Amino acid sequence: MTEKKQETQDISRRKYLKYVAAGVVAVAAVGGGAYYYSTMPPTPAPTATATPTMTATATATETGTTFTGPNQPPLYFDIWLALPDIVKMNMDNFNAQNNETGQVSVVSGDYTSVVETKLISKSKIDMVFGTPVQAVRWYKAGWLNSVDEGPHYSDIVKDIYPWVVDLMEQPQGGHLGWPYFVGGDVLHTNDKMLGQMLGRTPEASDYPKTWDDVLNQCREAKQKGLSNQPFLPEWYAWLGGLPSYIQVQCYSEGEFLFDKNFDPTFDVNTPFADVLTNWKAFVDEGLAPTSEFATTEAEHIAAFCTGKYLYSVQRDYDCYSFNDPTKSKMAGYSHIVYPMPGRTHDAAALIGGLFLISNNKFFDRDAWQSFRHFRLIEHFAWKDKNGNYAAKNYQNVFPVWMGYPSMNNDPATRALWVSKGWMSADDFDNNTKMIEGTKVPPVYKGCIWFQEWLIGSGGVNDLVPQVMSGKIKVDECVTTLRALAVDLKNKYS
Amino acid sequence: MRGKGYRRVSDASYAYLLIIPLIIFELGLTVYPLVYSFWTSLHNTNLAANTDKYVGLANYIHVFTSSATLNSLQLSLVFMITVVISSVLLGIGIALLLNEEFVGRGLVRALVLLPWAIAEYSCAIMWSGIYNQSYGFLNGLLMQLGIIREYTSFVTPAYAIYAVAIAYTWHYTPLGAFFFLGSLQAVPQDLYSQAKIDGAKVFRRFWVVTRPFMRHSFMIVAILSVVQALQALDLVFVMTFGGPGVATQVLPYLVYRETFATMSLGLGASLAWTLSALIIALTTVLFVLLTRRR
Amino acid sequence: MSKKKISIYVCAIALLFWTLFPIYTLVLTSIEQQVELVSAPPHWIPESPTASNYLQLLGITPAVSGMMMGTVETLRVGLLNSIIIALAVTGIATLVSAFAGFAFGRYRFRGKMQMLFAILFSRLLPSVAMIIPFFYLFNQLGLLATQQALIITYLSFSIPLATWVLLGFFATLPSEMIKSARIDGCSRTSSILRIAMPMSRAGIVAVAILVFIGCWNEFFFALMLNGGTPAQTIPPAVASLFGVQGGINQLGQPAIAAATAISLAPVLVLGLIFQRYVTRLRIVDPVTIALELPEGA
């Protein structure tokens with residue numbers, strides 16, 4: 001028995017020595033690796049791009065180029081979660097019509113950082129969605145391609161709203177991308193409550209003409225006991241919320257915040273301060289809930305569906321929810337106020353989303369690959385090979401306006417949307433008019449720090465709620481934001 | 001036959017053998033981020049502006065003098081104190097309750113642990129639905145009970161931090177409760193009977209008999225909840241994104257903002273190390289206070 | 001019933017209400033139509049409940065809208081990734097920490113206290129700050145946006161925690177059985193494998209469940225490392241549904257609540273199982289373990 005025990009102990013000892021030797025080597029390797037990584041510079045190494053193995057044959061003619069070549073590597077289109085089935089449908093059409101291999105993938109989570117990471121590392125990203133304030137930064141960094149170089153550029157320019165082309169123009173040259181839809185935040189009504197307040201069916205003339213009118217009507221609604229807090233502002237903490245709403249109200253007062261050199265045009269005696277004062281009045285008189293600052297877009301929509309609010313600033317297409325009887329208590333009673341309340345009634349239909357393609361030069365693409373990319377974006381953003389607008393598929397399932405007058409003025413679309421109960425015919429016409437007459441805020445043309453001014457640390461999103469809660473004064477906020485804008489401009493120039 | 005000395009050595013060696021995979025793995029994955037982030041905190045690394053210069057303690061000075069840090073520190077402390085006090089008191093209460101015999105005790109005990117098993121982000125979604133000012137369930141409940149007359153906002157700039165703290169307490173309490181329950185179950189029953197015979201009332205019985213047995217779990221729960229509450233990010237992230245404005249921008253959220261929103265890695269890292277220093281300091285204080293030998 | 005009994009039952013009911021109310025509101029939201037959700041007074045029992053959200057999200061009936069289709073796909077991918085990652089981490093972590101916990105709990109060796117505290121303090125940096133180094137590490141290794149990245153990350157969290165829990169457990173194992181097995185000629189390894197481990201089944205299972213729940217629920221690293229990629233786990237998927245940012249929102253609150261409930265279901269079940277085991281785990285002070293010890297097994 002003793003020998004057996006010795007044997008097992010001897011074996012253990014041998015095994016142990018082997019393991020220890022291996023362990024020491026491993027620890028040394030790991031320790032060395034850790035030291036190496038800790039002294040690494042912060043930029044990650046880019047991954048190699050795939051180079052096509054076949055060169056394309058090109059026959060150039062006067063009326064166009066008939067290109068052929070391999071349909072590899074696949075074209076990667078990253079989208080955020082918005083009507084992905086339509087996008088996939090359009091991609092299937094594109095693949096079928098062009099013998100292509102495009103792929104759509106939905107990015108959930110922090111869209112910006114995922115896309116930026118892919119752009120920086122040049123990995124599998126050909127076309128993306130983007131908001132204008134994001135896209136400007138990506139364009140400046142050289143990650144996006146100007147759509148000018150597309151073969152159908154001039155056709156699209158003739159077809160699209162002129163203000164879109166204007167908005168997309170960048171100071172260093174080129175155009176940013178093409179919109180996949182247009183439209184902005186508008187004032188929605190709850191005609192059920194408005195009718196109770198007026199004692200009769202509301203008409204368009206009863207709608208507020210200025211933001212003070214909104215305030216007064218809300219006061220009246222509260223006084224009459226119709227609602228505890230009649231106004232639901234779009235104050236939620238994402239780009240489409242407070243930053244969007246503050247622009248809407250400023251523009252409607254004629255305040256465009258920045259001039260074409262991106263210098264601030266606002267100060268304590270300008271409409272910007274008036275907007276904040278107007279908002280503060282809502283809060284001080286208990287006419288709007290301050291918890292809106294910490295809510296989400298989905299909750300904001302559902303909140304207005306409760307029918308407890310008289311007015312709300314929401315995206316124009318959200319009438320889809322407000323007039324749906326399975327979703328809303330005021331179905332059929334919600335309308336869009338036109339013209340936009342405010343001194344000048346200026347609406348700036350901030351483009352909701354853009355198609356953007358990644359930079360062909362930056363990604364080392366040859367002529368054929370570049371051609372594939374432009375073919376992709378022009379299919380989605382404009383017409384497919386059969387001459388049909390690809391975006392028509394959106395308008396069949398959702399009331400979203402497009403960048404082309406012919407699409408928004410199509411009576412078939414209007415009939416469809418009205419028949420589905422999403423909005424009235426007047427709403428359709430009015431919103432189309434608002435989109436047609438959109439102004440172009442100069443700050444959208446190439447200012448890479450606008451988003452930071454809006455939602456960065458110490459920016460609009462941080463300070464405005466503090467004004468509302470009384471922590472800082474309106475004037476102090478305006479001057480701080482003005483100083484911040486100047487700082488940011490200096491920082492990035 | 002080898003002597004006793006040999007056996008002890010190879011026991012220890014055997015122990016090393018067993019833990020080597022752990023050590024190797026942990027070294028690589030914990031030492032490296034610690035070293036890297038400390039190194040970064042000494043540079044003005046900013047991915048957007050593409051800077052990466054050694055700046056010594058400049059980041060730390062900025063951290064200590066910035067008003068955002070002060071705001072976040074204050075919020076973190078309020079959050080921590082609310083959570084720790086509530087969850088410890090509630091936890092002890094739950095443990096005491098579950099220590100008693102009653103019909104359905106097993107069921108209650110099983111269900112009580114659920115909030116802890118539910119992820120923080122799910123809690124955030126649930127409690128957002130409860131606190132909602134337009135259609136929330138808390139509003140509905142309070143109004144039906146007649147406690148309030150109108151729907152009201154809970155996640156306001158003034159009270160958001162408390163609202164979030166309550167949600168976090170709901171999530172976190174069961175863990176402490178089970179620690180306490182474990183200790184309670186170690187208390188010998190005859191000590192209670194003895195105390196009853198000696199005429200001690202309920203609270204006195206608790207203070208004299210139960211409390212000494214709970215000292216240990218009390219320390220663990222207190223320290224654990226301080227550390228967790230100061231690092232809690234998920235709940236705030238999903239529920240309020242830093243709150244109305246910056247009203248729930250606790251320190252971890254500020255670190256997130258500095259690191260990712262403005263891509264100032266250096267600043268974010270220095271803020272993170274400051275937070276760690278705070279956590280270590282508080283933990284040490286608690287440890288010393290609560291392990292005093294009597 | 002004595003006054004004490006009555007107050008116990010009252011407290012128990014209050015406790016149940018406090019615990020279950022939020023869960024109930026989530027389930028309620030998920031089976032109502034939004035128009036009922038936004039009614040006041042609230043419909044505690046829905047008038048026209050519908051399971052359609054669940055049926056669509058679980059793929060039992062076809063999705064009615066594009067948003068829903070995308071959500072179903074995201075949820076399916078997320079569930080798959082979560083299961084794979086959680087199982088992998090649980091398996092490896094349980095194995096490693098069982099042996100490590102045994103060593104720390106029963107053997108005396110030099111540097112033990114230091115190692116224990118080093119493991120404890122390795123968690124001192126808040127996870128927010130660990131993201132970037134991990135990000136670069138995985139980028140260099142080419143593992144970014146893969147399941148392996150999260151598996152490695154979660155192992156680095158789980159192993160220390162599991163070791164700490166198990167060492168207390170192993171330390172209090174009665175050593176008679178192990179000693180008698182050794183006397184009968186069993187080698188050290190097999191005495192551990194064949195005697196000690198089966199004896200500690202409860203503790204090991206409890207720790208395994210703990211680790212699984214931790215991995216399933218982890219949000220921040222999952223969001224930053226894998227968010228938006230095909231290797232995305234459930235937490236970022238559901239959380240981004242809730243805070244749908246940008247784009248067009250057709251889903252409505254009930255569907256979001258249903259998705260949340262689906263992501264919860266596995267851990268709820270596990271949590272119920274776990275609590276049976278956790279009461280068998282005695283809380284032992286690891287410092288004491290390190291200082292005073294029974295002789296080696």
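# Briefing: domains, sheets and chain contacts in a predicted model

The C-alpha centres of domain 1 of chain B and domain 2 of chain B lie 34 Å apart; domain bounds here come from an automatic or database domain assignment. The model is a predicted one, in which local features need pLDDT of at least 70 and side-chain atom pairs count only at pLDDT 80 or more, while totals for chains, interfaces and linings use all residues. Residues are numbered from 1 along each chain as its sequence is written, and chains are lettered from A and ligands numbered from 1 in the order in which they are written.

**Domains of chain B**

- In chain B, domain 1 covers residues 1–41 and domain 2 covers residues 59–290.
- Domain 1 of chain B brings 4 residues to the contact and domain 2 of chain B brings 7, where two residues are in contact if their C-beta atoms, placed from the backbone, lie within 7 Å.
- On the side of domain 1 of chain B that touches domain 2 of chain B there are 1 nonpolar residue, 3 polar residues and no charged residue. In this classification Ala, Val, Leu, Ile, Met, Phe, Trp, Tyr, Cys and Pro count as nonpolar, Asp, Glu, Lys and Arg as charged, and the others, Gly among them, as polar.

**Contact between chains B and C**

- Chain B places 71 residues in contact with 72 residues of chain C.
- The most residues on the chain B side, 18, come from helix α1 (residues 4–41) of chain B. Helices (H or I, at least four residues) and strands (E, at least two) are DSSP runs, numbered from the N terminus.
- The side of chain B that touches chain C consists of 51 nonpolar, 14 polar and 6 charged residues.

**Domains of chain C**

- The assignment for chain C gives domain 1 as residues 1–50 and domain 2 as residues 66–291.
- Taken over C-alpha atoms, the centres of domain 1 of chain C and domain 2 of chain C are separated by 32 Å.
- The contact between them joins 8 residues of domain 1 of chain C to 7 residues of domain 2 of chain C.
- At least two residues of the domain 1 side come from each of α1 (3–31) and α2 (34–37) of chain C, and α1(C) supplies the largest share, 4 residues.
- By class, the side of domain 1 of chain C that touches domain 2 of chain C has 3 nonpolar, 4 polar and 1 charged residues.

**Chain A: overall composition and domains**

- Chain A contains 20 helices and 10 strands.
- Of its 493 residues, 49% count as buried; a residue is buried if 20 or more other C-beta atoms lie within 10 Å of its own, exposed if 12 or fewer, and partly exposed in between, with C-beta atoms placed from the backbone.
- Among the contacts in chain A with a separation of 6 or more, 73% are between residues 24 or more positions apart.
- Domain 1 of chain A comprises 73–183 + 352–407, and domain 2 of chain A comprises 185–348 + 449–492.
- The C-alpha centres of these two domains of chain A lie 30 Å apart.
- In chain A, 9 residues of domain 1 are in contact with 8 residues of domain 2, and the domain 1 side divides into 5 nonpolar, 3 polar and 1 charged.

- Strands β3 (residues 75–79) and β5 (residues 127–130) of chain A pair in the parallel sense over 2 bridges, and A:Asp78 stands opposite A:Val128 in β5(A).

**Chain A: buried elements**

- In strand β7 (residues 185–189) of chain A, 5 of the 5 residues are buried.
- Strand β7(A) runs antiparallel to strand β9 (residues 311–315) of chain A, joined by 5 bridges; A:Thr189 has A:Tyr311 as its bridge partner in β9(A).
- Helix α11 (residues 297–305) of chain A is largely enclosed by the rest of the structure, because 9 of its 9 residues are buried. Its buried residues include A:Glu297, A:His300 and A:Phe304.
- After α11(A) comes A:Gly307, with a positive phi near 80°.

Methods:
Pairing = 2+ DSSP bridges.
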